[in-house]
Amino acid sequence: ALEVSNGMVEPTLLIGVAAAAGSAFRAYLGFLGKKNKGAEWNWTIFLISVLPAIAAGFGAGVLLNVEPSWTNMGLIFFGAAGLNSLQDKFGLQKKLK
């Protein structure tokens with residue numbers, strides 16, 4: 001017999017989207033902080049900031065089997081923003097300039 005799934009979206013995809021949103025939010029806030037100093041938007045720096053957080057979100061969904069509850073989605077959102085902030089503190093984005 002065929003199995004029928006009642007879910008519309010893969011849970012791992014939701015976790016990856018939450019991680020992407022959190023990291024993108026932090027990247028945009030970082031850009032706004034440096035916009036007054038003449039900084040221009042750079043897609044390379046944005047992708048280098050966001051892609052590790054997306055990978056961590058997918059890894060949490062697949063390897064740790066994290067359920068996409070509201071609490072977990074909030075924690076992943078803010079965790080991804082924190083990961084982006086750590087990248088900024090360690091100077092990953094600065095090395096590209």
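Six residues, Phe25, Tyr28, Leu29, Leu32, Trp41 and Trp43, make up a nonpolar patch on the surface, and together they have about 620 Å² of accessible area. The model is predicted: local features need pLDDT of at least 70, side-chain atom pairs count only at pLDDT 80 or more, and totals for chains, interfaces and linings use all residues. Residues are numbered from 1 along each chain as its sequence is written, and side-chain values use heavy atoms, with hydrogens and water left out.

A patch is made of residues with over 30% relative accessible area and no salt bridge, where like charges are joined within 9 Å and nonpolar side chains (Val, Leu, Ile, Met, Phe, Trp, Tyr) within 5 Å. A salt bridge is a side-chain nitrogen of Lys or Arg within 4 Å of a carboxyl oxygen of Asp or Glu. Accessible areas come from the Shrake-Rupley method with a 1.4 Å probe, and for residues only the protein chains shown count as cover.

Helix α1 (residues 11-35) supplies the largest share of the nonpolar patch, 4 residues. Trp43, another patch member, lies in helix α2 (residues 43-62). With a relative accessible area of 55%, Trp43 is exposed (over 50%; buried is under 20%, and partly exposed is in between, with a 1.4 Å probe and protein chains only). In the protein, 29% of the 97 residues count as buried.

The protein has 3 helices and 0 strands, and its pattern along the sequence is α-α-α. Helices (H or I, at least four residues) and strands (E, at least two) are DSSP runs, numbered from the N terminus.

Two packed helices are described by the angle between their axes and the distance between the axes. Axes are lines fitted to C-alpha atoms, for helices over the stretch in contact, and angles run from 0 to 180 degrees between N-to-C directions.

| Helix pair | Angle | Axis distance |
|---|---|---|
| α1 and α2 | roughly 150° | within 8 Å |
| α2 and α3 | about 135° | 9 Å apart |

At roughly 150°, α1 is roughly antiparallel to α2. At about 135°, α2 is oblique to α3. Angles under 35 degrees count as roughly parallel, over 145 as roughly antiparallel, 65 to 115 as roughly perpendicular and the rest as oblique.

The crossing of α1 and α3 is right-handed. A crossing is right-handed if the near helix is turned clockwise from the far one by less than a right angle, and left-handed if anticlockwise.
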